[in-house]
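Please have the sequence and the structure open side by side. The paragraphs below go through a predicted model part by part.

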Amino acid sequence: MIDLNAHHDLLCISHLRWNFVYQRPQHLMTRAAKNRRVFYVEEPIHYPPDLSADEAQPRLDVSEDHGVTVIVPRLSAELTGDCAEEVTRGLLHAYLKEQGVERPVAWVYTPMRLPLLDGLSTGGVVYDCMDELANFHHAPPQLRERERQLFDMADVVFTGGYRLWESKRTQHDNAHPFPSSVDVAHFARARSGLPDPQDQQGIPGPRLGFFGVIDERFDIELIAEVARRRPEWQFVLLGPVVKIDEADLPRGENLHYLGMKKYAELPQYLAHWDVALLPFARNEATEFISPTKTPEYLAAGVPVVSTDIRDVVRPYGEKDLVRIARDTDEFEAAIEASLREDNSERQRRADALLAQMSWDLTWKNMDGLMAHAMAEHDPIIKSVRNDATIAGVADD
C-alpha cells in the first residue's frame with residue numbers, strides 16, 4: 001500500500017555555505033529535517049594548488065547540524081566548470097545510493113547547480129528563489145538559461161518576497177510568494193536586558209546598528225555621508241564583507257566594523273542599539289530583495305530606518321512600522337526622528353504583525369504546497385488519490 005502522507009528525503013542544492021550567515025535555507029531546512037532526511041549540498045571547495053594528486057583526491061566532506069546532513073565537495077584546483085560538476089555529480093549520486101536515498105525531492109536554491117540532478121530520479125523539484133541572482137555582480141552568463149530550464153523542471157516555485165513573485169509568476173504557473181519570516185522569541189530576547197557584548201561595550205551612544213552581509217547591496221556612500229555629517233552618531237556594522245574590496249568601505253572614528261557574529265549572538269548586540277538600519281543601495285542587486293533582518297529588528301524592539309526597498313516599503317513602511325528614506329537627507333532625518341521620538345506605539349503595532357509570522361508557519365505552508373505538487377508529480381500517488389476521491393464521493 002502507498003503511504004500518501006510519506007515524506008520524501010529532501011536534497012537541497014544551494015550556493016550558500018551552511019555555516020555562513022544564518023538565513024532562509026537554515027531556517028527552512030532545519031524544520032524540514034524534523035520529519036524527513038535532509039541532505040544539504042554546498043558548492044565545492046578546492047584544495048590548495050600545491051597539493052599532490054594523491055592528496056587532492058575528490059571527496060565529499062559530510063557532517064550533521066540540527067538534523068541536516070551537510071555535504072561539501074572537495075576537489076582539486078584544476079577541476080572547474082563542467083568537469084567539476086561532473087565529478088561532484090558522480091560523488092553525490094554514489095553517496096545518495098549508499099544512504100539508500102530513492103527519488104528525493106530536489107529543493108534548489110541556485111539554477112547553476114542544476115547539472116547535479118542529471119540522471120537522478122526525483123520525487124519532484126522545488127525552486128526556492130531567494131533572489132534575482134542573475135542581477136548580482138559577476139553572475140555567470142549561463143545563469144538565466146539554467147533558470148529557464150529549472151522553471152521547466154520545477155513542480156512548484158517559491159519566492160523570497162512579493163516583488164520577486166511579481167516577476168517570477170509569469171514564468172511558472174505554480175509560483176507562491178514567501179517573504180522573509182522571523183523567529184520572534186529569539187530576537188525578542190533583546191528586550192530582556194542582555195549584557196552588552198565585550199567588543200561593543202567601549203562604543204558610546206547613540207548606536208546605529210546593522211547586521212548582515214556587507215556587499216554590493218550595501219550603500220557605502222550613504223553610510224559614509226551620514227557618518228561624516230553626524231560624528232556623534234556611532235555606526236556598529238556586523239557581518240562579513242563579500243564581493244567588494246574592504247578598502248572601499250568608509251572609515252572614521254564613528255564607524256565600527258565588528259565582523260561576523262553568530263545567529264545566537266545577534267540579540268545581545270541589538271539589545272544595546274538605539275536604531276537599527278537597512279542601508280541598502282538602489283541597484284539591480286536590490287530590486288527584488290526582501291531583507292530577513294526587517295522583522296528581526298522589529299522583534300528586538302528597536303526602531304528601524306530603511307532605504308526605499310520595495311519589500312520593506314510594502315508592508316512595513318506602508319504600515320508605518322519602519323521609517324523609509326529615499327535619499328541621504330531623509331535617511332539622516334529618519335534616524336534623528338527615531339532617536340527623539342517615543343517608539344512604543346509603533347512597536348505595539350509591529351508586535352501585532354509579528355504575532356502572525358513565524359518560520360514554523362512559513363515551513364508548514366511551504367510543506368503543504370510541496371506535498372500537493374509532489375502528488376501531482378507522481379502518477380502512482382495521483383492515481384491512488386483520484387481513486388480515493390472517487391470512492392469517497394461514491395460512499396456519500
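In strand 13, Val 275 and Leu 277 point one way, while Ala 276 and Leu 278 point the other way. In a regular strand, side chains alternate between the two faces of the sheet. Here both sets are buried.

The bridges can be followed from strand to strand. Strand 10 and strand 13 run parallel and are joined by 2 bridges; Gly 209 has Ala 276 of strand 13 as its bridge partner. Ala 276 is also among the buried residues of that strand. Between strand 13 and strand 14, which run parallel too, there are 3 bridges, and Leu 278 is partnered with Ser 306 in strand 14. To get from strand 13 to strand 14 the chain passes through helix 9 (residues 293-299), a β-α-β crossover that is right-handed. Strand 14 is in turn joined to strand 15 by 3 bridges, again with the two strands running parallel. In that pair, Thr 307 has Ala 325 of strand 15 as its bridge partner.

Helix 11 covers residues 328-340, which makes 13 residues. From first C-alpha to last it reaches 18 Å, close to the 18 Å expected at 1.5 Å a residue. Its buried residues are Phe 331, Glu 332, Ala 334, Ile 335, Ala 337 and Ser 338. An α-helix has 3.6 residues a turn, so residues three or four places apart point the same way.

The N-terminal end of helix 11 is capped by Asp 327, which has a side-chain oxygen 3.2 Å from the backbone nitrogen of Asp 329. Is Glu 341 buried or partly exposed? Its relative accessible area is 39%, so Glu 341 counts as partly exposed. Glu 341 is 240 residues from Val 101 in sequence, and their C-alpha atoms are 57 Å apart in space.

Another loop residue, Arg 36, sits between helix 1 (24-32) and strand 2 (38-41). With a relative accessible area of 10%, Arg 36 falls under the 20% limit and is therefore buried. The side chain of Arg 36 reaches the backbone oxygen of Ala 32 at 3.3 Å, and it makes a polar contact of 3.1 Å with the side chain of Asn 35. Leaving aside residues up to four places away in sequence, Arg 36 touches His 7, His 8 and Leu 10, as well as Trp 363, Asp 367 and Met 370.

How values were computed
Residues numbered from 1 in each chain as written. Predicted model: local features only at pLDDT ≥ 70, side-chain atom pairs only at ≥ 80, totals over all residues. Heavy atoms only, no water. Helix = DSSP H or I, 4+ residues; strand = E, 2+ residues; numbered from the N terminus. Buried < 20%, exposed > 50% of the residue type's maximum accessible area, 1.4 Å probe, protein only. Polar contact = N/O pair within 3.5 Å; in protein donor to acceptor, adjacent residues only side chain to side chain. Contact = heavy atoms within 4.5 Å. Expected span 1.5 Å × (residues − 1). Pairing = 2+ DSSP bridges. Right-handed = clockwise from strand over helix to strand, strands pointing away.
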